[in-house]
Amino acid sequence: MLCQNCHNKDADVHLRRIINGESAEMHLCADCARALGYGAVFSGFSFPTAKTLGDIFSGSELTSIGNRVLRCEICSLSFDDIVRSSRPGCPNCYRVFADKLMPYIREIHGRSMYKPGEETAVFDAGAGEEKWYREKKNHSDIVIGSTAVITAGVDGVPFPARLTPSQKSSLAVNILSLLKNVGDELSVCDPGRLYPYEMVSFAERALITPEFASAREGAVMAFSKDERVCVMLCDEDHIKIRTCVGGLSPEGAFSKAKKYRDAVNAGIPLAFSPRLGYLNQSPSRLGTALRASVIMHLPVLSKTGEIPALSSMISKLGLSVTGVDGSSLNASADMFRISNTLTMGISASQVLANLKAFCLQLETKERAAAEEYVKDISVRDRINRAASLLSGAVLLTSSEMNEMLSWIRLGSVYGLCPFDISDINELFFTLQSASVNTIAGAKLNRSERDELRARLVRKKLFSE
């Protein structure tokens, strides 16, 4: 077959483009492909390897037919490249290689069809200068707050791993220009200009995802003063929007995040498929591309050893329970994050309803257990000892602080000690190790960090 551009040399680069749902192929020689920008323009980038994709497609029919290799027009990846890297190169890959990717998507989600749902309702998501973790709203004795993370890809653009830093910056500028009139004043920040502990501090305060704490060159973040909104751009995905609100309101967090996504989509088309939903780099986030969470203080269920059994049970409901940082069930300060794991075959409204219904049941279970638990004199003694330790400690590690904060928060809820739970919440989110370094403006050694932490706790709780 001759090149369709020069009509002279043999075509050895084969591209498929999708326009308005219609497929068309282009066959070029290597020279014309390079001249038109389809050659090795995005070479030199690598992706993390996941065994699951290779395992699923091992022994399957590949896309090479003779010397013809079908490639995506946008990022130039073949299906074999996607198998090896475990990640598509751009949203268009999902369309070009749709039939071959379906087995993998079904393997991840147990289904391969996006389910649309009502997403237009507007909820009270909170506003103002107060940080979300200090806000006292519904169910605040047990529920600290609710978060939503929406991931989105820009249509027709390779994923960030295949962009240069300057290309990332240009895309970020275009996206941020669309967010100016959403309603929140956002401060723009270049993660590359921050110390590593400053980025980790953002994650400790649940403002960014843990993965974004190690953001690569060219990534950009923008966040509101009250820390309720953070937009993360051009790291793993083009756009990741994280919103936080006080109380039991995952629908409120989602409503706020959706407002930002819609503002971007009004000016830059986001990658969407009627069959697969929102398209992003990780196939595990296809569909709604929503990860909604509720952060709960569950001291009694934690101390009585009931959390592992609950974790096993809710996994069957498409939910998960982890520590606040998402790492394990050994949660600091008995703070847990309840999140959805299903994103495909279920609408966003169903995700939010299921999450909220389970958290209401969990709240009822914790409250019933706590009412009996605090009657035990040894428990009341433990609460008073925790308050005494915090008032007199000169050195205080993060693990010691977390344990004592959990005890006095339990006591404060049931009238056994006089502390404001908003102050306790604030201490938990703002005095972990990286955040203490950030407050000091330097990387402290352990002793210096523990001394500053103890002083800050005394000042907050005991007005020193």
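These are my notebook entries on a predicted model, listing what I looked up in it.

**Entry 1: the chain as a whole**

I began with the secondary structure, and the chain comes to 16 helices and 14 strands. Next I checked burial: of the 464 residues in the chain, 54% are buried. I also looked at how far apart in sequence the contacting residues are. Taking contacts between residues at least 6 apart in sequence, I find that 69% join residues at least 24 apart.

**Entry 2: aromatic pairs**

How many aromatic pairs does a search of the whole structure find? The search gives nine. One of them is Tyr 195 with Tyr 197, a stacked pair with 5.4 Å centre to centre and 5° between the planes. I looked up the accessibility of each partner. Tyr 195 is exposed, because its relative accessibility of 51% is over the 50% cut-off. Tyr 197, in contrast, is buried at 12%.

I then turned to Phe 202 and Phe 223, whose rings are tilted, with 55° between the planes and 5.2 Å centre to centre. Phe 202 belongs to helix 7 (residues 196–204) and Phe 223 to strand 7 (residues 220–224), so this pair ties together parts that are 21 residues apart in sequence.

**Entry 3: charges over rings**

Here I looked for lysines above aromatic rings. Lys 303 has its charged end over the ring of Trp 407, 4.2 Å from the ring centre. Lys 100 places its charged end over the ring of Phe 79, at 5.9 Å from the centre.

**Entry 4: helix 8 against helix 11**

I took helix 8 (residues 250–267) and helix 11 (residues 348–373) and found their axes 9 Å apart, at an angle of about 150°. Angles over 145 degrees count as roughly antiparallel, so that is how helix 8 runs relative to helix 11. Which residues meet here? From helix 8 I have Pro 250, Glu 251 and Phe 254, and from helix 11 Ala 348, Leu 352, Leu 355 and Lys 356. I sorted the residues of this contact by type and got five nonpolar, two charged and no polar.

**Entry 5: helix 15 against helix 16**

The axes of helix 15 (residues 433–440) and helix 16 (residues 446–462) come within 10 Å of each other and cross at roughly 85°. The two helices are therefore roughly perpendicular. On the helix 15 side, the contact uses Ser 433, Val 436, Asn 437, Ile 439 and Ala 440. Helix 16 contributes Arg 449, Leu 452, Arg 453 and Leu 456. By type, this contact divides into five nonpolar, two polar and two charged residues.

Is Ser 422 buried or exposed? At 4% relative accessibility, Ser 422 is buried, and I place it in helix 14 (residues 421–430). Setting aside residues up to four places away in sequence, I see Ser 422 touching Arg 134 and Lys 136. I also checked Arg 409, which is 13 residues from Ser 422 in sequence and 9.5 Å away in space, C-alpha to C-alpha.

Tyr 414 sits in the loop between helix 13 (398–413) and helix 14. Its relative accessibility of 26% makes Tyr 414 partly exposed. Leaving out neighbours within four places in sequence, I list Arg 367, Ala 370, Glu 371 and Val 374 as the contacts of Tyr 414. For Glu 371, 43 residues away along the chain, the C-alpha separation from Tyr 414 is 8.2 Å.

**Entry 6: two serines with positive phi**

Last, I looked at backbone angles. Ser 76 has phi near 70°, a positive value in a residue other than glycine. I find Ser 76 in the loop between strand 4 (68–72) and helix 3 (79–85), and at 13% relative accessibility Ser 76 is buried.

Ser 86 also has a positive phi, about 70°, although it is not a glycine. Ser 86 lies in the loop between helix 3 and helix 4 (92–96). With a relative accessible area of 1%, Ser 86 goes into my notes as buried.

Technical notes
Residues are numbered from 1 along each chain as its sequence is written. This is a predicted model: local features need pLDDT of at least 70, side-chain atom pairs count only at pLDDT 80 or more; totals for chains, interfaces and linings use all residues. Side-chain values use heavy atoms; hydrogens and water are left out. Rings of Phe, Tyr and Trp (its six-membered ring) pair if their centres lie within 6.5 Å; planes under 30 degrees apart count as stacked, over 60 as edge-to-face and the rest as tilted. Buried means under 20% relative accessible area, exposed over 50%, partly exposed in between (1.4 Å probe, protein chains only). Helices (H or I, at least four residues) and strands (E, at least two) are DSSP runs, numbered from the N terminus. A charge sits over a ring if NZ of Lys or CZ of Arg is within 6 Å of the ring centre and within 35 degrees of the ring normal. Axes are lines fitted to C-alpha atoms, for helices over the stretch in contact, and angles run from 0 to 180 degrees between N-to-C directions. Angles under 35 degrees count as roughly parallel, over 145 as roughly antiparallel, 65 to 115 as roughly perpendicular and the rest as oblique. Contact means heavy atoms within 4.5 Å. Ala, Val, Leu, Ile, Met, Phe, Trp, Tyr, Cys and Pro count as nonpolar, Asp, Glu, Lys and Arg as charged, and the others, Gly among them, as polar.
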